[in-house]
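Hi,

Here is the structure I promised to pass on. Have a look at it first, and then read on for what turned up.

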Amino acid sequence: MDLAGLLKSQFLCHLVFCYVFIASGLIINTMQLFTLLLWPINKQLFRKINCRLSYCISSQLVMLLEWWSGTECTIFTDPRAYPKYGKENAIVVLNHKFEIDFLCGWSLSERFGLLGGSKVLAKKELAYVPIIGWMWYFTEMVFCTRKWEQDRKTVATSLQHLRDYPEKYFFLIHCEGTRFTEKKHEISMQVARAKGLPSLKHHLLPRTKGFAITVRSLRNVVSAVYDCTLNFRNNENPTLLGVLNGKKYHADLYVRRIPLEDIPEDDAKCSAWLHKLYQEKDAFQEEYYRTGTFPETPMVPPRRPWTLVNWLFWASLVLYPFFQFLVSMIRSGSSLTLASFILVFFVASMGVRWMIGVTEIDKGSAYGNSDSKQKQND
């Protein structure tokens with residue numbers, strides 16, 4: 001391991017990233033709270049400001065992926081479709097197999113200049129998570145309970161609010177609903193057999209109702225669906241801890257642009273269309289494992305410098321007073337201040353471990369009896 005790699009693997013560096021993220025995130029959340037005063041006066045100005053504030057938080061995680069770990073991303077796509085990316089609203093359908101697939105979705109949004117305004121369909125519990133969840137609340141993310149009777153109206157209402165959104169956006173959706181594991185896959189395929197659907201080897205059975213209502217609600221606002229199939233070279237299974245340690249990965253992303261008018265308007269036909277799409281995604285994954293590449297032309301959209309610039313700005317803003325405080329504590333030499341410092345260090349380390357833990361695949365959402373019942377109703 002070279003000197004740079006050794007430095008990146010040090011826990012102290014991870015604490016610095018965690019401190020900058022938490023301190024700047026809470027500052028930004030507070031600023032977002034004050035922007036609520038604008039909502040009754042100028043809703044579109046409120047939205048534009050919160051897009052920029054949202055970027056200040058989410059871009060810090062993208063910076064870790066693109067600049068700290070140096071992870072590269074090659075897009076395989078039709079050269080005729082490529083010029084449209086970033087210039088239109090789109091629903092982005094991502095496979096959900098890796099711990100950092102959400103980061104790769106954000107990186108895709110960032111490389112085409114849409115990170116600040118991009119949306120996700122997320123679990124309702126995440127709305128209560130400080131920093132990320134609160135940021136999503138102010139940027140009108142769509143939250144769901146994954147209980148259709150509860151979500152039918154609330155999700156549709158939230159999606160309708162996005163019809164007049166002033167910024168271009170990618171709407172990122174994991175139709176599988178939870179990350180792929182062998183146990184979840186086994187249960188999912190039991191449901192597929194019970195419903196007479198073809199088995200999938202590399203994906204879980206997609207949840208069709210959330211996708212159908214998204215397409216229906218955003219029709220004539222969103223131009224296309226981007227079907228994105230993600231994999232990593234050399235059979236790597238990347239983790240957030242690996243990214244924090246500065247490990248470099250190489251992502252390959254197959255992107256197909258499908259005009260929204262090609263997707264059926266009828267919910268039942270739309271659901272059948274989505275099942276067919278996942279059968280095609282499964283075939284593309286199988287081909288990738290066999291050949292090491294996806295179809296179409298490989299392209300590498302350039303990294304933008306703004307994620308790094310943003311992190312350096314917030315780091316300089318919050319680290320200087322912290323180090324001043326730290327020096328004053330050490331100089332005081334009192335047992336109380338030293339004990340306080342150790343407590344802060346311990347809490348920060350637990351914060352880092354918690355942030356890593358929530359991304360781990362084996363700590364994803366349950367996919368058992370109640371979930372399989374929900375699948376059978378989709």
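For "transmembrane region", the unreviewed UniProt entry lists residues 12-39, 308-330 and 336-356. UniProt positions are given in the numbering used here, feature names are shortened, and annotations may be inferred rather than shown by experiment. In residues 12-39, the end C-alpha atoms lie 41 Å apart, and the span is 86% helix and 0% strand. Helices (H or I, at least four residues) and strands (E, at least two) are DSSP runs, numbered from the N terminus.

Before you go further, bear in mind that this is a predicted model: local features need pLDDT of at least 70, side-chain atom pairs count only at pLDDT 80 or more, and totals for chains, interfaces and linings use all residues. Residues are numbered from 1 along each chain as its sequence is written, and side-chain values use heavy atoms, with hydrogens and water left out.

Now the salt bridges. Side chains of opposite charge can pair when their charged atoms come close. The term here means a side-chain nitrogen of Lys or Arg within 4 Å of a carboxyl oxygen of Asp or Glu. The search of the whole structure gives 18 of them.

One to look up is E66 with R111, whose side chains meet in a salt bridge at 3.0 Å, N to O. E66 belongs to helix 3 (residues 43-68) and R111 to helix 4 (residues 101-111), so this pair ties together parts that are 45 residues apart in sequence. Are these two buried or exposed? E66 is buried at 0% relative accessibility, and R111 is buried too, with a relative accessible area of 12%. For these labels, buried means under 20% relative accessible area, exposed over 50%, and partly exposed in between (1.4 Å probe, protein chains only).

Another salt bridge joins the side chains of K201 and E286 (3.4 Å, N to O). K201 sits in the loop between helix 7 (182-194) and helix 8 (208-218), while E286 is in helix 10 (residues 267-291), so the pair ties together parts 85 residues apart in sequence. K201 is exposed, at 51% relative accessible area, and E286 is partly exposed, at 34%.

Helix 10 also holds both R290 and E287, 3 residues apart, about one turn of the helix. Their closest N and O atoms are 2.9 Å apart, in a salt bridge. R290 counts as exposed at 63% relative accessibility, whereas E287 is partly exposed at 31%. There is a network as well: salt bridges link D227, R256, K276, E280 and K281.

The search was run on a 1 Å grid over the protein atoms alone: a cavity is a set of points where a 1.4 Å probe fits but cannot get out, a pocket is an open set with protein on both sides within 12 Å along at least five of seven lines, and lining residues have an atom within 4 Å of a point. Grid points are joined across faces, edges and corners, and a volume is the space filled by probe spheres set on the points.

How many cavities of 30 Å³ or more does the structure have? The search finds 4. The largest cavity holds about 70 Å³ of space, and its lining includes S54, W106, K119 and M135. Helix 3, strand 3 (119-123) and helix 5 (132-138) are the elements that give two or more residues to that lining. By class, the lining has 7 nonpolar, 3 polar and 1 charged residues. Here Ala, Val, Leu, Ile, Met, Phe, Trp, Tyr, Cys and Pro count as nonpolar, Asp, Glu, Lys and Arg as charged, and the others, Gly among them, as polar.

The second largest cavity has a volume of about 50 Å³. E66 and R111 turn up again here, among the residues of its lining. Helix 4 gives the largest share of this lining, 3 residues. The lining divides into 4 nonpolar, 2 polar and 3 charged residues.

Of its 21 lining residues, Y137, E140, M141, F143 and S158 lie nearest its centre. Helix 6 (148-161) is among the elements that give two or more residues to the lining, and helix 6 gives the most, with 6 residues.
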